[in-house]
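Hello,

Here is the structure I promised to pass on to you. Have a look at it first, and then read on for what turned up in it.

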There are 2 protein chains.
Amino acid sequence: MRSFEFYTPTRVIFGRGAEEQAGAQAKALGCSRVLVLYGGHSAVKSGLLDRVVSGLERDGLACHALGGVQPNPRLSLVYEAIRQAIEFQADLILAIGGGSVIDTAKAVSIGAANPDLDVWKDVWLKKFVPEKILPVGVILTISAAGSETSDSAVLTNDETHEKRGLNTDRQRPKFALMNPELTFTLPRFQVTCGVVDIMMHTLDRYFNPPKDDGVANNVTDELAEGLLRTVIANGRVAARDSHDYQAMSELMWAGSLSHNNLTGLGGVKDFSVHQLGHELSAMFDVAHGASLSAVWDSWATCCLDTDPARFARLGEKVWGLNPEGKSERELGLEAIAATREYFRSLDMPVTLPELGIGVLTEEQLEELAWRCTFYGKRKVGAFRVLDRDDLLAIYRMANHT
Amino acid sequence: MRSFEFYTPTRVIFGRGAEEQAGAQAKALGCSRVLVLYGGHSAVKSGLLDRVVSGLERDGLACHALGGVQPNPRLSLVYEAIRQAIEFQADLILAIGGGSVIDTAKAVSIGAANPDLDVWKDVWLKKFVPEKILPVGVILTISAAGSETSDSAVLTNDETHEKRGLNTDRQRPKFALMNPELTFTLPRFQVTCGVVDIMMHTLDRYFNPPKDDGVANNVTDELAEGLLRTVIANGRVAARDSHDYQAMSELMWAGSLSHNNLTGLGGVKDFSVHQLGHELSAMFDVAHGASLSAVWDSWATCCLDTDPARFARLGEKVWGLNPEGKSERELGLEAIAATREYFRSLDMPVTLPELGIGVLTEEQLEELAWRCTFYGKRKVGAFRVLDRDDLLAIYRMANHT
């Protein structure tokens with residue numbers, strides 16, 4: 001294994017009724033004024049928001065709730081939430097939702113504790129993380145982003161259409177209350193987007209730079225492959241029946257493990273597919289999970305020859321393909337096909353047009369690739385380092401009907 | 001999955017030279033006076049103790065070192081270390097060693113912060129955990145106990161020959177510095193004892209009560225099985241060459257993961273084999289890892305019919321046995337044999353006499369079983385709940401030459 005650091009201080013409380021622990025957890029942190037962030041109507045309609053807020057108030061905590069967080073969470077709402085958090089003198093930011101709400105809460109926790117900093121220009125773009133941050137708590141309602149235990153948050157600047165992530169251990173939530181039943185009422189598309197996102201958090205770590213130094217990563221590879229098999233099997237069940245507690249609970253826990261870094265320790269993160277997807281979400285506001293499945297197939301096909309053995313291993317260990325009589329490249333191609341067909345079986349897009357954004361023009365593809373290099377400032381990935389031409393080739397390959 | 005809580009706040013720094021971070025980590029915790037605990041001569045002879053202490057002093061920290069922690073760590077030394085920690089006004093307990101030193105550090109961290117409590121009578125026996133505890137840091141030199149990230153510590157009362165554990169999240173170390181090279185000079189027997197201990201932390205969680213409620217535990221089972229395969233393969237290499245960085249690093253990280261609870265989440269801990277082994281260590285002062293392999297075979301044989309399917313799964317997933325044409329019971333028996341033969345291949349005992357304690361008398365066996373019930377106060381385990389007669393039967397079965 002290569003050297004690594006690992007720090008996951010989030011207290012996870014998992015199971016039916018977990019959300020009822022919010023007040024106790026807030027008080028254990030010494031907090032008394034809670035800004036409750038949530039997304040759309042479902043938290044209101046289901047009664048969850050009311051239940052949580054009255055529970056907190058019964059526990060003696062003051063609450064102020066703010067909704068309206070959208071997928072690909074907007075910087076404009078972050079600014080507004082920071083303003084309200086400061087005005088309310090919040091000492092805890094509680095996210096009720098999935099990745100978008102949690103990522104918003106993370107940004108608010110930084111912004112509200114540092115009113116002199118602009119959370120976008122001073123923090124997100126400069127990767128500057130101040131020491132003082134408000135604690136974040138989570139009541140999870142979507143299994144996907146893994147943000148409930150991760151060090152990561154991704155925001156979209158709705159003026160510039162830029163989507164940017166920040167990684168810092170300081171913003172890992174203090175507690176995550178995870179009740180699989182809260183995910184039962186999700187629309188099928190959100191469940192399947194989540195399945196793709198969880199798989200991709202693992203795959204974007206699995207594709208390490210080829211091991212010419214002879215460094216292997218046995219235990220991490222085993223954990224990643226086991227997690228992928230679990231998500232694939234339970235994803236099939238969840239896509240049919242989002243009220244299956246067994247399947248939804250496996251997905252929920254796998255979602256956390258796939259993005260708290262466990263599945264990549266001792267390796268080198270790639271994350272090309274996430275970067276390719278982020279630009280699609282930023283330009284066309286497509287769902288995050290869908291943006292990933294829409295480019296994975298092309299990314300994989302373009303990168304197969306970087307290390308055919310790695311794709312072959314994916315085929316054998318995760319998809320259960322029979323390696324007999326096949327070259328590594330042949331088995332790798334079968335692994336790519338198996339992944340593509342799995343996404344299709346979930347009705348997830350595997351091309352750009354399937355995202356519902358039409359066939360893109362050459363100008364649009366070039367704009368995507370240019371943006372993905374942060375306007376010429378970076379290359380992308382580690383498994384194979386991708387320059388602008390490579391990124392363009394991948395977007396082009398994904399642009400077929 | 002069943003409900004669970006998971007809290008692993010230990011900051012892990014893993015890789016060559018990790019021990020050099022001790023000063024920085026201590027200062028990040030706001031500590032300035034370090035009680036350094038270690039075991040025998042190896043930490044002195046290798047120069048590690050000197051290097052660590054001078055590094056800490058260079059970083060401006062005051063140090064007081066205390067050695068002599070023995071395997072199956074003694075309560076008497078814990079009392080002495082608590083006295084010295086209080087006298088030195090230590091605000092951090094730094095363990096340099098493996099499970100025995102870390103467990104001692106955990107007990108000292110409780111005792112030194114609570115001079116009015118007797119750490120054995122008031123804390124260990126009553127399972128009372130005070131709020132105030134000194135922070136514990138670890139420089140790991142033995143891959144085995146997993147105590148560097150676990151919530152557990154086991155002490156032996158050298159007056160009464162009782163061995164008792166305490167589990168509490170409060171005593172999880174604040175940081176663990178894990179450099180696989182520090183394990184290179186271990187005697188082969190300590191390496192192989194570690195391999196058994198790591199496997200058993202996972203197996204003692206893997207054997208869950210039979211699932212008549214239909215609750216499965218997919219992701220946790222996958223993680224456990226992947227971890228076991230890794231440990232088995234790398235254990236073989238490590239037993240041949242303890243200077244193989246690749247193998248020693250896999251064992252080191254697997255050791256932490258096998259006992260931080262990850263491999264049991266959503267399940268019910270059994271831990272019968274640990275309890276059976278603890279009494280052997282308490283009465284005969286045999287090495288912990290050896291005490292486990294010496295009874296596992298008999299425990300498994302006695303418990304096979306509780307859930308043959310579980311043993312069969314172990315055989316297929318972990319040992320790679322071919323299930324074709326076999327009943328679950330037959331495959332389960334093969335899994336038990338494969339485990340036994342693996343322990344034998346590491347020259348680890350699989351019977352009581354192989355521990356070097358001779359063939360025990362019926363009185364001794366009865367004494368062991370009686371002690372294992374805490375003198376009639378408890379039954380043991382969850383996979384199959386074992387009463388005194390069951391425990392006696394297992395010890396008897398293990399008593400053959």
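**A helix pair, and the chain around it**

Let me start with two helices of chain A: α14, covering residues 362–372, packs against α15, covering residues 388–397, at an angle of about 135°, and their axes are 9 Å apart. Please keep in mind that this is a predicted model.

How do α14(A) and α15(A) lie to each other? An angle over 145° would count as roughly antiparallel and one of 65 to 115° as roughly perpendicular, so this pair is oblique. The crossing of α14(A) with α15(A) is right-handed.

Which residues make the contact? On the α14(A) side they are Leu365(A), Glu366(A), Leu368(A), Ala369(A), Trp370(A) and Cys372(A). On the α15(A) side you will find Arg388(A), Leu391(A), Leu392(A), Tyr395(A) and Arg396(A). Sorted by class, the contact between α14(A) and α15(A) has 8 nonpolar and 3 charged residues, with no polar ones.

Now for chain A as a whole. Chain A holds 15 helices and 8 strands. Its radius of gyration is 21 Å, close to the 21 Å that the globule rule gives for 401 residues, so chain A is as compact as a globular protein of that length. The C-alpha trace of chain A spans about 65 × 45 × 45 Å along its principal axes.

Taking the contacts between residues at least 6 apart in sequence, 76% join residues at least 24 apart.

Conventions. Residues numbered from 1 in each chain as written. Chains lettered and ligands numbered in written order. Predicted model: local features only at pLDDT ≥ 70, side-chain atom pairs only at ≥ 80, totals over all residues. Helix = DSSP H or I, 4+ residues; strand = E, 2+ residues; numbered from the N terminus. Rg over C-alpha atoms; globule rule 2.2 N^0.38 Å. Contact = placed C-beta atoms within 7 Å. Axes fitted to C-alpha atoms, helices over the stretch in contact; angles between N-to-C directions. Parallel < 35°, antiparallel > 145°, perpendicular 65-115°, else oblique. Left-handed = near helix turned anticlockwise from the far one by under 90°. Nonpolar A, V, L, I, M, F, W, Y, C, P; charged D, E, K, R; others polar.
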